[in-house]
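Trainee: I would like to learn how to read the features of a model such as this one, starting with the contact between chains. Could we look at it together?

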Amino acid sequence: MKLKGLADLDEVKREGLRLLYPDRVKIIVGTATCGMAAGAGKVVETFRRVIDELKLEAIVEETGCIGMCQKEPIVTVYRPGQTKLVYHSMTPKKAEELARQLAEGNPGTQNALGQIFREKALLSGEERVLGKNGGSAPLSEAPDLDEIPFYRKQLKIALRNCGYIDPNDIRHSIARGGYYTLYKVLTEWKPDAVVEEITKSGLRGRGGGGFPTGRKWRSCRDAKGQHHYIICNADEGDPGAFMDRSLLEGDPHSMLEGMIIGAFGIGGDEGYIYVRNEYPQAIRKLTRALEQCHEYGLLGDNIFGTEFSFDITINRGGGAFVCGESTALMASLEGQVGEPRAKYIHTVEHGLRDQPSCLNNVETWANVPAVMGKGADWFTSIGTGGSKGTKVFSLVGTIRTTGLIEVPMGISIREVLEDIGGGVREGHRFKAVQTGGPSGGTILVDERGATVRTEPATGAYTVGIMPESLLDLPIDFDSLTEAGSMMGSGGLIVMDETSCMVDVARYFLRFLAEESCGKCLPCREGLRQMVNILDRICEGKGEHGDIELLEELGNVVMDTSLCALGGTAANPPLSTIRYFRDEYEAHIYDKNCPAGVCKALIAYGVNAEACTGCGLCLKACPTDAVFTRKPKAGESTPKLREGRDLHDISQDKCIKCGACFEACTFDAVVKE
Amino acid sequence: MATEAALKTDIDLAPAEALIAAYMDNREATIALLQDVQKHYGYLPRPVLELISERLNLPHTQLFALATFYRAFSLKPRGRHLINVCTGTTCHVRGAPMLLEAIERECKCKAGGTTADGRFTIETVNCVGACALAPVIVIDEEAHGRLTQAKLKKVLDQYK
């Protein structure tokens with residue numbers, strides 16, 4: 001059915017609402033990549049099977065991730081007229097039990113993360129009260145999901161539908177207000193006014209650079225060319241960042257609607273989505289979403305029966321980090337090797353096929369329908385002076401609650417880590433948080449979208465890895481930049497004392513050296529030399545002067561590289577040297593790795609006082625390096641169980657694989 | 001110049017012909033074509049590259065540049081199952097390097113290589129976006145999260 005007007009849209013919406021809130025029990029399983037990795041596939045299977053067996057009138061549905069990836073598989077149970085119950089860490093066994101409880105009409109709450117009393121659709125503004133008593137009085141001991149620490153401080157704009165809809169069904173999206181904004185824009189707005197509104201909203205690019213979206217759109221709209229291309233950068237290459245994946249897997253339509261609105265404003269006639277090959281599920285869902293858009297007449301000729309025509313094609317990336325860079329991405333779209341070019345020629349004027357091209361990332365596009373639907377004034381009421389709206393972060397690493405979050409700009413990093421993330425794991429000390437991807441550092445963009453590197457206002461180096469002293473910084477583009485850090489695409493990777501900063505710097509540099517396209521010499525050769533130096537340091541062969549050499553090389557690479565990859569590549573070593581110089585010195589002068597990571601500098605041993613003789617380490621050792629022995633005279637072995645022998649490690653045979661350390665549940669295996 | 005005779009190998013070129021036909025009038029889609037070829041054959045066989053070069057009138061060097069620049073492509077045959085060990089930042093700080101070594105030991109094969117029995121090819125990937133469940137490995141398209149050395153053998157045993 002091709003949608004022609006509001007009446008058609010309303011009809012689909014009614015249908016969608018019936019699907020979202022049916023008259024029977026609905027079991028919704030999060031099956032995004034994170035859910036599947038945690039075993040959601042088997043949970044879905046189990047529900048289907050058991051429901052069949054019990055002849056329970058229930059629907060089993062799949063959805064994206066509601067953010068708490070760590071607690072996946074997450075299952076939400078909808079019951080007509082009652083609160084939604086959200087369960088975490090499901091297993092087939094728990095699923096079977098829950099299905100039986102549902103058949104009896106009395107689901108337990110012992111595994112529940114919380115319950116949802118009210119559901120508000122951001123775009124339609126409609127609120128649905130699910131629980132009895134106006135949804136206010138708790139029905140059971142499970143807390144209000146919105147009030148648990150992980151969600152309390154969040155505000156979802158880009159992720160507005162993730163975890164609430166079946167991303168494979170466009171009707172779900174429309175039920176929550178999807179494509180209404182597009183209809184309004186196409187029928188009531190002039191293209192210039194659309195660009196004006198986006199400019200007024202202060203929306204800035206969410207890919208990391210933070211360039212004002214409205215200004216980019218204006219430059220592209222004003223540029224002369226036969227075609228104007230609208231491109232979505234879904235090549236989320238930063239390790240530790242998965243905002244785009246979650247968005248595409250949980251709600252592809254919000255992003256698509258943003259692109260179509262953008263195309264109308266800019267005067268675009270063809271769209272491309274450049275998506276990572278490593279995200280097969282995102283590609284499948286996008287493909288499905290595009291099919292549905294065609295079916296409903298939201299893409300193709302005469303959208304909504306108007307004069308406006310636009311279409312989108314998906315391109316799979318080939319797995320090259322540098323292709324996240326705009327000029328490299330466009331080269332790759334043209335079927336070439338993804339090498340960046342100098343950016344004094346702006347892609348908004350001469351981009352893909354030398355035509356004006358507007359490239360924004362997934363999150364930016366997903367924000368567009370919200371901005372246009374609720375107005376620039378609404379959007380500017382959220383956030384700080386120079387940074388409006390919210391930002392999605394993937395909060396990962398050695399933190400208690402990891403997952404995907406969306407917070408208003410201006411919140412402090414500490415609030416995110418401690419209030420939302422729950423702080424570092426118990427018994428551990430916070431050490432650093434890494435932002436901005438492998439080259440975490442300051443990337444600023446000039447007026448027309450070209451990347452330039454700027455010196456931070458304070459301090460000698462940009463920060464990619466932040467120590468605890470900087471945690472009270474508010475998260476917004478400007479204050480982070482001023483402090484010499486950056487917003488980045490949104491990966492917040494938390495590290496505690498078990499992470500070695502020299503090893504982390506080496507990790508990032510190796511990654512960048514591998515991903516360097518090799519076009520310009522400082523990046524190609526400089527990074528390699530820096531990796532060699534760091535390798536030496538980690539192997540205990542560091543020499544006096546290495547730190548200074550790293551600093552010098554790093555500055556040269558950053559100053560002389562062609563694109564942002566090399567231009568920011570030295571941030572990890574420079575920022576770790578700046579804040580964790582003592583760790584470098586310990587490696588070089590004391591031949592010691594304080595965090596116990598660098599293999600050449602550590603040895604595994606057994607603490608006799610903690611050893612119970614359980615034998616787990618013996619079983620885990622792949623090289624028979626673990627052996628049993630009787631306690632020596634005078635050796636204190638308070639935990640050793642009767643009739644058991646102590647375990648110990650033969651250094652000759654040990655390959656330092658860490659299997660024994662991992663296997664020991666009594667902290668008896670120690671690193672020295 | 002590759003001639004028809006030189007293309008005669010034990011590789012069945014008929015599927016390649018069909019794939020190429022779909023992209024005949026779109027030279028920009030070479031990467032997509034190579035992806036399809038890779039998916040069908042498991043790698044980019046030389047005779048197929050030669051065929052593409054001839055059919056689409058593209059220089060060998062250009063195809064070779066693409067095949068070696070992008071990580072998704074392999075010029076060597078791969079095993080029945082592809083193990084992708086995620087070495088993203090989170091996986092790294094949560095022990096991916098040791099996990100990779102354990103896989104290499106278990107399979108008796110280094111990353112980038114294929115086991116002697118052709119069962120596994122081991123590769124690394126920079127991030128699969130399942131960071132909250134780090135460390136993660138992906139076998140074929142199935143992700144296994146929160147993996148430990150102890151659980152590894154059980155996971156690998158599922159793939160014959």
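Trainee: Which residue of chain A forms a salt bridge with Arg71(B), and how far apart are the closest N and O atoms?

Mentor: Before the answer, two remarks on provenance: this is a predicted model, in which local features need pLDDT of at least 70 and side-chain atom pairs count only at pLDDT 80 or more, while totals for chains, interfaces and linings use all residues. Residues are numbered from 1 along each chain as its sequence is written, chains are lettered from A and ligands numbered from 1 in the order in which they are written, and side-chain values use heavy atoms, with hydrogens and water left out. A salt bridge is a side-chain nitrogen of Lys or Arg within 4 Å of a carboxyl oxygen of Asp or Glu. Here the partner of Arg71(B) is Glu515(A), with 3.2 Å between the closest N and O atoms, and the rule finds six salt bridges across the interface of chain A and chain B.

Trainee: Which elements of chain A supply at least two residues each to the side that touches chain B?

Mentor: Helices (H or I, at least four residues) and strands (E, at least two) are DSSP runs, numbered from the N terminus. The elements are α2 (33-37), α12 (280-295), α13 (326-333), β12 (390-397), β18 (491-496), α18 (501-515) and α24 (659-663), and α18(A) gives the largest share, seven residues. By class, this side of chain A has 30 nonpolar, 17 polar and 16 charged residues, where Ala, Val, Leu, Ile, Met, Phe, Trp, Tyr, Cys and Pro count as nonpolar, Asp, Glu, Lys and Arg as charged, and the others, Gly among them, as polar.

Trainee: How many residues of each chain are in contact, and what area do chain A and chain B bury between them?

Mentor: The size of an interface is often given as the accessible area lost when the parts come together. With contact meaning heavy atoms within 4.5 Å, 63 residues of chain A are in contact with 40 residues of chain B. The two chains bury about 3800 Å² between them, 52% of it on carbon and sulfur atoms; this area (1.4 Å probe) is summed over both parts.

Trainee: How many disulfides does the structure hold?

Mentor: A disulfide is a covalent bond between the sulfur atoms of two cysteines. By the rule used here, a pair of cysteine sulfur atoms within 2.5 Å, the structure holds zero disulfides over all chains. Cys293(A) is in no disulfide, the nearest cysteine sulfur, that of Cys232(A), being 13 Å away.

Trainee: Are Cys657(A) and Ser173(A) buried or exposed?

Mentor: Buried means under 20% relative accessible area, exposed over 50%, and partly exposed in between (1.4 Å probe, protein chains only). Cys657(A) is buried at 6%, and Ser173(A), in helix α6 (residues 170-175) of chain A, is buried at 1%. Not counting residues up to four places away in sequence, Ser173(A) touches Ile165(A), Gly178(A), Tyr179(A), Asp251(A) and His253(A). Asp52(A), in helix α3 (residues 40-54) of chain A, is by contrast exposed, with a relative accessible area of 60%.
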